[in-house]
Amino acid sequence: MDKCTKIKIFNCLLLFCATNFFLYRYFSRPDTGPLISVRNTTIKYFKGFNFSQYLTGIDSRHLTQVKNYSNLEIGTPSPSTDIASLQNTSKTAPVISNATVMLPPCPLVPPRLNGPLATYSQAGTYEDIRAENEGLMPGGRYKPPDCTARHRVAIVIPYRNREEHLKILLRNLHPMLARQQLDYGIFVIDQALPGKFNRAMLMNIGYTEAMKRYDYQCAIFHDVDLIPENDRNIYSCPEMPRHLSAAIDKFNYRLPYDGIYGGVSAINKEHFQLINGFSNMFFGWGGEDDDMASRIRHKGLKITRYPMEIARYRMIKHSKDSGNEQNPQRFALLKTTSQRIETDGLNSLVYSVEKVEALPTHLRIVVLINEKDIIKS
Ligand SMILES: [Mn+2]
């Protein structure tokens, strides 16, 4: 080999090494996200997405919250107070104290998730749904039987005259939430006639009524006609407000616009208090979700989402509801969000409870709200 050939070979090797080095650096960068295969679907997660954190939904804030937890419901398991044991589940044996069995915390990743789901489009009676879901308690309460849930979640459904949709939703929701090993309750807030529908106000009421009953850590606000299609869409308490219904079949599983916050969303208690809940001023259809999104931004919080492949929903087709006509004032209201935030919301909520009914699948709370009370204040 002459000297020239040697130099050429050396240069080739050098180039080969450098290329490999850069390729390695690029693909192993933590923020490019792993490629994870879910039932023949290859998913590329967005920048900064942490798959294990997503699956567990746990964060340090909740670990400290669990630490301060006091047992509100007599005879129910209370979580272990030891953070180390929270992170290391399988080795923790049940501890007997004061005749209450302390169940070990549920695994960080719920073990029985299926991924994409075949959804029910029909439902029988509430009693049928209860019979399909072992462990479901009256009033729509559930706790994992074999471990202490990592999240205590109030599911709030603003509602009026859509019983068929409600049954279909509940039939789909209960088995999914049980597989997700959540400690949850379902609150259906039914707005009595007369008056225009006020979705946001019903959600404020649902939150308030839920918190009176149990030490929930967060609320999930859920439209009655959105059926989740993937059980990895975990209804856990989020570190930052989470928009869950990102991909809906009606919009070809795409975000109609970036800041959208309607449909299904989750927010923890501290953040919901910080932004004073939803506005009470949106009577009729539209605007209240955009108002909420700007409240969140106004307080320096961030809206987060699961990957589009997971945050999938089917919308039940329906005709327009009477009593929920488009609200022509919504555009004017949206200009004053930041001025209203401190005075219009949880702290200005006026309503009366007409009826509370513990059905086999949910707690139904019938409420009467008066548009005049709200506009006055
Ligand atoms: Mn709808």
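Predicted model: local features only at pLDDT ≥ 70, side-chain atom pairs only at ≥ 80, totals over all residues.
**Stop one: the core.** Start by selecting Val-153, Val-156, Phe-187 and Ala-219, which have the most contacts inside the largest nonpolar core, a set of 71 residues.

**Stop two: Phe-187.** Center the view on Phe-187 and show what surrounds this side chain. Beyond its neighbours within four places in sequence, Phe-187 is in contact with Ala-154, Ile-155, Val-156 and Ile-157, with Gly-206, Glu-209 and Ala-210, and with Leu-363 and Ile-365.

**Stop three: strand E12.** Next, select residues 264-268. Five of the five residues in strand E12 are buried, so the rest of the structure largely encloses this strand. Look along E12 and you will find Val-264, Ala-266 and Asn-268 pointing one way, with Ser-265 and Ile-267 pointing the other.

Which strands pair with E12? Strand E8, residues 218-222, runs antiparallel to E12 and is joined to it by five bridges. Strand E10, residues 242-243, also pairs with E12 in the antiparallel sense, over two bridges.

**Stop four: an open sheet.** Finally, show E9, E13 and E11, a three-strand open sheet in that order with mixed pairing. Its edges are E9 (226-228) and E11 (247-248), each pairing on one side only. E11 and E13 (residues 312-315) run parallel, joined by two bridges. To see one of the pairings, pick Ile-248 and its bridge partner in E13, Tyr-313.

Conventions
Residues numbered from 1 in each chain as written. Core = buried A, V, L, I, M, F, W, Y, C linked by C-beta atoms within 7 Å. Buried ≥ 20, exposed ≤ 12 C-beta atoms within 10 Å, placed from the backbone. Contact = placed C-beta atoms within 7 Å. Helix = DSSP H or I, 4+ residues; strand = E, 2+ residues; numbered from the N terminus. Pairing = 2+ DSSP bridges.
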